[in-house]
Amino acid sequence: MSATSSALRPPADAVAPVRHPDAPAPGELLGAHYDQCFGCGDGQPHGLRLAARAGDGVRMTAEFTVQPAHQGAPGLAHGGVLASALDETLGSLNSLLRTIAVTGRLETDFVRPVPVGTVLYLEAEVTAVAGRKIYSSATGRIGGPDGTVAVRADALFIKVGVDHFVGNGCQEEIRATMNDPDQVRRARAFEVNP
Ligand SMILES: CCCCCCCCCCCCCC(=O)SCCNC(=O)CCNC(=O)[C@H](O)C(C)(C)COP(=O)(O)OP(=O)(O)OC[C@H]1O[C@@H](n2cnc3c(N)ncnc32)[C@H](O)[C@@H]1OP(=O)(O)O
């Protein structure tokens with residue numbers, strides 16, 4: 001059962017999302033936006049290492065394999081880890097809009113338990129945009145696109161500027177990311193839709 005709260009229902013003046021012309025092509029793997037990101041970075045030994053791939057429209061798919069380090073109950077994924085996977089996948093959608101945004105609200109339904117060793121297959125899409133507010137939804141299935149739905153989420157992301165990270169995060173790391181010679185990763189972390 002799911003009942004999305006009113007905060008996640010787009011207002012009457014919301015518009016359909018528009019894929020940016022320079023968004024990664026459908027089928028393209030995104031790669032990590034930051035090596036130390038718990039969701040997608042390779043530098044986190046117990047991270048999700050979630051691999052997101054651009055879909056068509058303003059959609060994304062992603063996969064991650066549940067590891068022993070992700071357990072809550074013996075042999076089963078921790079709910080917070082599953083919420084992180086949904087959050088990361090939903091966050092990756094913003095690169096299709098070429099916008100930087102952070103999660104303001106995330107509502108999650110845990111529908112089925114997810115055993116260690118499962119490949120969780122996630123699909124996410126932006127459903128509406130209203131000013132700085134980006135509305136999106138995601139589903140996680142066990143094993144693949146036709147698998148049983150295990151988790152789903154609705155979210156509200158809020159567009160922010162680079163100053164959000166410079167003012168609140170680790171300045172040295174942010175400077176290093178901005179100077180990253182890997183242009184694709186640099187763009188993913190900091191590209192802002194003018
Ligand atoms: C170095 C590498 C960098 C990497 C960069 C890529 C990062 C990717 C990371 C990916 C990792 C994965 C992703 C992650 O994990 S992102 C990490 C988790 N999220 C955060 O840390 C965000 C923390 N929150 C904030 O910083 C502020 O609260 C934000 C910026 C979100 C808003 O504060 P701000 O002062 O700017 O704006 P505002 O308060 O005027 O609100 C504006 C509008 O929004 C509405 N609203 C706000 N909140 C909520 C809510 N909870 N429910 C419903 N509505 C809400 C609000 O009513 C208003 O509406 P309206 O009055 O206009 O109608």
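1. In the hairpin formed by S1 and S2, four residues lie between the strands, and Gly57 adopts a positive phi near 55°. The model is a predicted one. The two strands, S1 and S2, are joined by four bridges in the antiparallel sense, and Arg53 stands opposite Thr61 in S2.

2. S2 is also paired with S4, again in the antiparallel sense, over seven bridges. Here Glu63 stands opposite Tyr121 in S4.

3. The largest nonpolar core comprises 39 residues, and Ala85, Leu86, Leu90 and Leu120 have the most contacts inside it. Elements giving two or more residues to this core include strand S1 (51-54), strand S2 (59-65), helix H1 (79-92) and strand S4 (119-130). The largest share, six residues, comes from S6.

4. Ala85 deserves a separate remark. Leaving aside residues up to four places away in sequence, Ala85 touches Leu48, Leu50, Phe64, Leu120, Leu122 and Gly140.

5. The ligand has 23 residues around it, of which Gly91, Val102, Gly104, Arg105 and Ile158 come nearest. At least two residues of this shell are supplied by each of H1, strand S3 (101-110), S6 and helix H4 (171-178). S3 gives the most, with four residues. By class, the shell has ten nonpolar, seven polar and six charged residues.

Methods
Residues are numbered from 1 along each chain as its sequence is written. This is a predicted model: local features need pLDDT of at least 70, side-chain atom pairs count only at pLDDT 80 or more; totals for chains, interfaces and linings use all residues. A nonpolar core is a set of buried Ala, Val, Leu, Ile, Met, Phe, Trp, Tyr and Cys residues joined through C-beta atoms within 7 Å. A residue is buried if 20 or more other C-beta atoms lie within 10 Å of its own, exposed if 12 or fewer, and partly exposed in between; C-beta atoms are placed from the backbone. Two residues are in contact if their C-beta atoms, placed from the backbone, lie within 7 Å. A residue is near a molecule or strand if its C-beta atom, placed from the backbone, lies within 6 Å of it. Ala, Val, Leu, Ile, Met, Phe, Trp, Tyr, Cys and Pro count as nonpolar, Asp, Glu, Lys and Arg as charged, and the others, Gly among them, as polar. Two strands pair if DSSP finds at least two bridges between them.
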